[in-house]
Amino acid sequence: MAADARGLTEEDRATVRIENLVRSFGDRRVLDGLDLSIAPGEFVALLGRSGSGKSTLLRALAGLDHEVAGGGGLAAPDDVSVVFQDARLLPWKRLLGNVVLGLTGPLAEERGRAALAEVGLAGRERAWPVELSGGEQQRVSLARSLVREPRLLLADEPFGALDALTRIRMHALLRRLCERHRPAVLLVTHDVDEAIALADRVLVLDRGRIAADLPVRLPAPRDHAGAEYTALRARLLDRLGVRGTPSTGPEEEAA
Amino acid sequence: MSTTTFDGRALPAAQAPPPGPAPLRAPRRRRLGPGKPVRYGWAIGPVLLLALWAAGSGLGVFDVRSLPAPWTIASTARDLVDNGKLPSHLATSAQRALLGLLFGVAAGLLLALVSGLSRLGEAVIDGPVQIKRSIPSLALIPLLILWFGIGETMKVITIALGVFVPVYIHTHNGLRAIDSRYAELAETVRLGRLGFVRHVVLPGALPGFLLGMRFAVTGAWLALVVVEQVNATSGIGYMMELARTYGQTDVIIVGLVVYGLLGLASDALVRLVERRALSWRRTLAG
């Protein structure tokens with residue numbers, strides 16, 4: 001990837017470029033000619049109904065889709081971090097060990113401590129994962145992802161298993177961390193409010209392609225009551241086939 | 001207003017509850033679980049047994065030639081220690097058991113890793129091990145004698161053959177039970193093959209391995225008993241075999257007690273290691 005922006009189009013500088021991506025499981029084409037580009041530092045949320053291929057796309061970007069049939073062009077950086085829905089901490093490693101897993105070098109531990117402090121878990125380095133609540137575990141998982149200073153952060157419904165209050169706190173934390181570390185982010189979620197609250201751009205995945213690509217131009221404290229917010233939310237829900245409003249897209253909804 | 005208790009006695013009126021709303025009372029449930037553990041509960045059974053034995057001997061219920069009294073056994077044991085026989089036999093036995101354990105555990109662990117980490121390895125190794133499993137190690141003794149003679153080699157190999165099977169089975173099982181999501185995690189944090197084995201596979205298989213070890217140490221002592229009674233000129237088993245020809249019941253019982261203590265001690269040792277090494281687990285055993 002080019003480091004120099006001069007003479008290069010925005011497309012060339014993109015952190016993620018996907019062209020005509022196809023992924024199939026048996027006869028079912030889960031991703032069917034998908035195009036997508038994510039700019040450096042851009043926060044993109046990916047919405048979609050269950051089974052729409054959100055996770056398949058994320059796994060393709062993470063390089064985790066071994067033995068999945070498919071084709072198409074995909075360019076993603078090597079330094080990708082993934083936050084899974086489950087915190088996926090190794091139960092036999094203390095928190096610090098989990099954060100620095102796979103890191104090498106003399107500064108690894110120090111960076112791990114700093115990352116734990118960033119997510120508000122300073123002093124818990126020697127705790128075992130089982131001693132933590134779900135939200136705390138997910139914070140460790142965030143620390144593990146960001147301590148690697150990735151160029152691309154992939155998050156697969158990272159807050160799906162958390163309670164509503166914890167989720168709100170995690171949203172603020174994630175935004176803060178992303179503003180500091182500036183990775184490009186692809187957040188897979190099925191929560192429209194979460195997508196609008198966090199992202200610069202919201203995508204809707206439908207039948208293996210990007211069916212909607214809407215920028216979110218709302219001021220920083222994203223007020224749920226605002227007219228703009230409500231309009232965006234309604235458009236996204238409509239695209240997701242909720243509320244029964246007729247589709248405004250070129251294709252007809254297949255019930 | 002007077003109240004009647006369950007056994008029909010009438011309570012004095014002064015103690016009767018005042019009229020009005022019924023007093024609050026927590027509902028009581030009958031506990032169905034076993035409840036709190038008894039302190040030193042594990043010792044109660046053995047101590048009871050020993051007391052029965054002592055009482056029987058004291059009252060002359062047991063024939064002294066069939067079952068000598070506990071104190072006779074104790075004094076025989078002291079004699080055997082004093083004249084150096086017991087320590088020397090014990091050293092020989094312990095050496096055999098440890099060597100067999102060492103080779104058996106190493107083989108079981110290595111085979112389990114190869115078989116657990118590669119499909120080809122599993123195809124090659126797992127079948128023969130399962131076949132070996134269905135042949136009791138002790139049934140192999142005649143063959144092992146023909147191949148390796150009646151010396152130490154045969155004894156150590158017999159013990160090792162008995163040990164490696166449980167280590168293999170449980171470690172392999174532990175490996176297979178590691179959540180595949182951890183393999184995915186290892187890929188995303190770009191662990192290499194070696195790092196994956198070190199940080200994920202080995203610690204993940206440790207509970208299985210330690211369970212295998214518990215069977216292995218017991219198995220090692222078991223195999224030891226047999227090989228030492230088949231063909232030996234030293235060792236606890238030999239000491240007991242010799243005592244049989246002279247009709248020394250007390251020496252035989254001393255040997256049994258020593259075997260029992262060794263088995264108990266080694267099992268306790270593995271459990272201690274288990275508690276230390278698996279402190280990250282918060283299980284029901286707590």
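In this predicted model, α3(B) passes α6(B) in a crossing of right-handed sense. Helix α3 comprises residues 85–117 of chain B and helix α6 residues 152–176 of chain B. The two pack at an angle of about 35°, and their axes lie 6 Å apart. By class, the residues of the contact of α3(B) with α6(B) comprise 17 nonpolar, 7 polar and 4 charged.

Helix α6(B) also packs with helix α5 (residues 141–148) of chain B, here at an angle of about 140° and with the axes 9 Å apart. The crossing of α5(B) past α6(B) is likewise right-handed. From α5(B), the residues Ile141(B), Leu144(B), Ile145(B) and Phe148(B) take part, meeting Thr153(B), Met154(B), Ile157(B) and Thr158(B) of α6(B). This contact of α5(B) with α6(B) holds 6 nonpolar and 2 polar residues, with no charged residues. The geometry of the two pairs is set out below.

| Helix pair | Angle between axes | Distance between axes |
|---|---|---|
| α3(B) and α6(B) | about 35° | 6 Å |
| α5(B) and α6(B) | about 140° | 9 Å |

The annotation of chain B comes from an unreviewed UniProt entry. That record lists residues 86–270 of chain B as "domain: ABC transmembrane type-1". Over residues 86–270 of chain B, the model is 87% helix and 0% strand, and 25 Å separate the end C-alpha atoms. Under "transmembrane region", the unreviewed UniProt entry covers residues 40–62, 97–121, 133–150, 156–175, 196–217 and 251–273 of chain B. Over residues 40–62 of chain B, the chain is 78% helix and 0% strand, with the end C-alpha atoms 29 Å apart. Over residues 133–150 of chain B, the corresponding values are 56% helix and 0% strand, with 24 Å between the end C-alpha atoms.

Another helix of chain B, α9, spans residues 236–246 and contains Leu242(B). The C-alpha atom of Leu242(B) is separated by 56 Å from that of Ala183(B), and the two residues are 59 apart along the chain.

Chain A contains 8 helices and 9 strands. Of its 255 residues, 38% count as buried. Among contacts in chain A between residues at least 6 apart in sequence, 68% join residues at least 24 apart.

The domain assignment divides chain A into domain 1 (14–79 + 150–240) and domain 2 (90–149). Taken over C-alpha atoms, the centres of domain 1 of chain A and domain 2 of chain A are 25 Å apart. Domain 1 of chain A supplies 13 residues to the contact between them, and domain 2 of chain A supplies 11 residues. On the side of domain 1 of chain A that touches domain 2 of chain A, helix α6 (residues 164–181) of chain A gives the most, with 6 residues. The residues of that side of domain 1 of chain A divide by class into 10 nonpolar, 2 polar and 1 charged.

Finally, the contact between the two chains takes 12 residues from chain A and 15 residues from chain B. On the side of chain A that touches chain B, 9 residues are nonpolar, 2 polar and 1 charged.

Definitions and conventions: Residues are numbered from 1 along each chain as its sequence is written. Chains are lettered from A and ligands numbered from 1 in the order in which they are written. This is a predicted model: local features need pLDDT of at least 70, side-chain atom pairs count only at pLDDT 80 or more; totals for chains, interfaces and linings use all residues. Helices (H or I, at least four residues) and strands (E, at least two) are DSSP runs, numbered from the N terminus. Axes are lines fitted to C-alpha atoms, for helices over the stretch in contact, and angles run from 0 to 180 degrees between N-to-C directions. A crossing is left-handed if the near helix is turned anticlockwise from the far one by less than a right angle, and right-handed if clockwise. Ala, Val, Leu, Ile, Met, Phe, Trp, Tyr, Cys and Pro count as nonpolar, Asp, Glu, Lys and Arg as charged, and the others, Gly among them, as polar. Two residues are in contact if their C-beta atoms, placed from the backbone, lie within 7 Å. Domain bounds come from an automatic or database domain assignment. UniProt positions are given in the numbering used here, feature names are shortened, and annotations may be inferred rather than shown by experiment. A residue is buried if 20 or more other C-beta atoms lie within 10 Å of its own, exposed if 12 or fewer, and partly exposed in between; C-beta atoms are placed from the backbone.
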